[in-house]
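Here are my notes for you to read alongside the coordinates.

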Amino acid sequence: MSETEKLRIDKYLWAIRLFKTRSLATDACKAGRVKLNGQNIKASAIVKIGDVYQVSKGIEKKVIEVVEFSYNRTDSPTALTKYKDLTPVEETHAFKSAFHAPTLKRDRGTGRPTKKDRRETDDLLGGIFEEE
């Protein structure tokens, strides 16, 4: 491998648009949210074609396989061709969001809820959050 063919994992994750900035990708590596074969890796780790990475972003977890190198950030359709998404359906954000309970929003400036408001909310939710 020549010097020009080496590609850091933080730059690759930024180039394939998994992270908005390269520094966010670097921070994710430092925090242990990017793994290769279950092992935390440094931001300076060299990417190889065929490597399978586990990347965590908030509640979203992705499993990607490197298909092709990408040295520069490109448009989204092109970036999608640079890796293969191996994430199980159960781990995808769309699957998880289908099971999240809806959150209740209060109008801005209405203040803190009263006991009566709380009881009404509990009745509406059917006691989902009651302790046993």
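In what order do the five strands form the open sheet? Please keep in mind throughout that this is a predicted model.

1. The sheet. The strand order is S2-S1-S3-S4-S5, and the pairing is antiparallel. S2 and S5 (83-85) are the edge strands, each pairing on one side only. Further in, S3 and S4 are joined by six bridges in the antiparallel sense.

2. The core. The largest nonpolar core holds 20 residues, and those with the most contacts inside it are Ile 9, Tyr 12, Leu 13, Leu 18, Val 34, Tyr 53 and Ile 64. Two or more residues each come from H1, H2, S3 (52-57) and S4 (60-66). In soluble globular proteins, nonpolar side chains tend to be buried together.

3. Tyr 53. This core residue deserves a look of its own. Leaving aside residues up to four places away in sequence, Tyr 53 touches a list of residues including Ile 9, Val 34, Ile 41, Ile 46, Val 63, Ile 64 and Val 66. The contacts of Tyr 53 also take in lysines, among them Lys 35, Lys 48 and Lys 62.

4. Salt bridges in a network. The whole structure has six salt bridges. Three residues, Arg 8, Asp 10 and Arg 22, are linked in a network of them. Within it, the closest N and O atoms of Arg 8 and Asp 10 are 3.1 Å apart. Which of these two partners is buried, and which is partly exposed? Asp 10 is the buried one, with a relative accessible area of 1%, while Arg 8 is partly exposed at 33%.

5. Salt bridges across the chain. Lys 84 and Glu 65 form a salt bridge with their closest N and O atoms 3.9 Å apart. This pair links distant parts of the chain, with Lys 84 in S5 and Glu 65 in S4, 19 residues apart. Both are partly exposed: Lys 84 has a relative accessible area of 42% and Glu 65 one of 22%. Lys 82 counts as buried because its relative accessibility is 12%, whereas Glu 68 is partly exposed at 37%.

6. Rings. The count of aromatic pairs comes to one. It is formed by Phe 69 and Tyr 71, edge-to-face, with 6.1 Å centre to centre and 65 degrees between the planes. Phe 69 counts as buried at 19% relative accessibility, and Tyr 71 as partly exposed at 30%. Elsewhere, the charged end of Lys 57 sits over the ring of Phe 19, 5.5 Å from its centre.

7. Backbone. Most residues other than glycine have a negative phi, and most peptide bonds are trans. Arg 17, however, has a positive phi of about 70 degrees. Arg 17 lies in the loop between H1 (9-15) and H2 (22-30) and is partly exposed, at 38%. Asn 37 also has a positive phi, near 55 degrees. Asn 37 is found in the loop between S1 (34-36) and S2 (39-40), and it is exposed, with a relative accessible area of 63%.

Methods:
Residues are numbered from 1 along each chain as its sequence is written. This is a predicted model: local features need pLDDT of at least 70, side-chain atom pairs count only at pLDDT 80 or more; totals for chains, interfaces and linings use all residues. Side-chain values use heavy atoms; hydrogens and water are left out. Rings of Phe, Tyr and Trp (its six-membered ring) pair if their centres lie within 6.5 Å; planes under 30 degrees apart count as stacked, over 60 as edge-to-face and the rest as tilted. Buried means under 20% relative accessible area, exposed over 50%, partly exposed in between (1.4 Å probe, protein chains only). A charge sits over a ring if NZ of Lys or CZ of Arg is within 6 Å of the ring centre and within 35 degrees of the ring normal. Helices (H or I, at least four residues) and strands (E, at least two) are DSSP runs, numbered from the N terminus. A nonpolar core is a set of buried Ala, Val, Leu, Ile, Met, Phe, Trp, Tyr and Cys residues joined through side-chain atoms within 4.5 Å. Contact means heavy atoms within 4.5 Å. Two strands pair if DSSP finds at least two bridges between them. A salt bridge is a side-chain nitrogen of Lys or Arg within 4 Å of a carboxyl oxygen of Asp or Glu.
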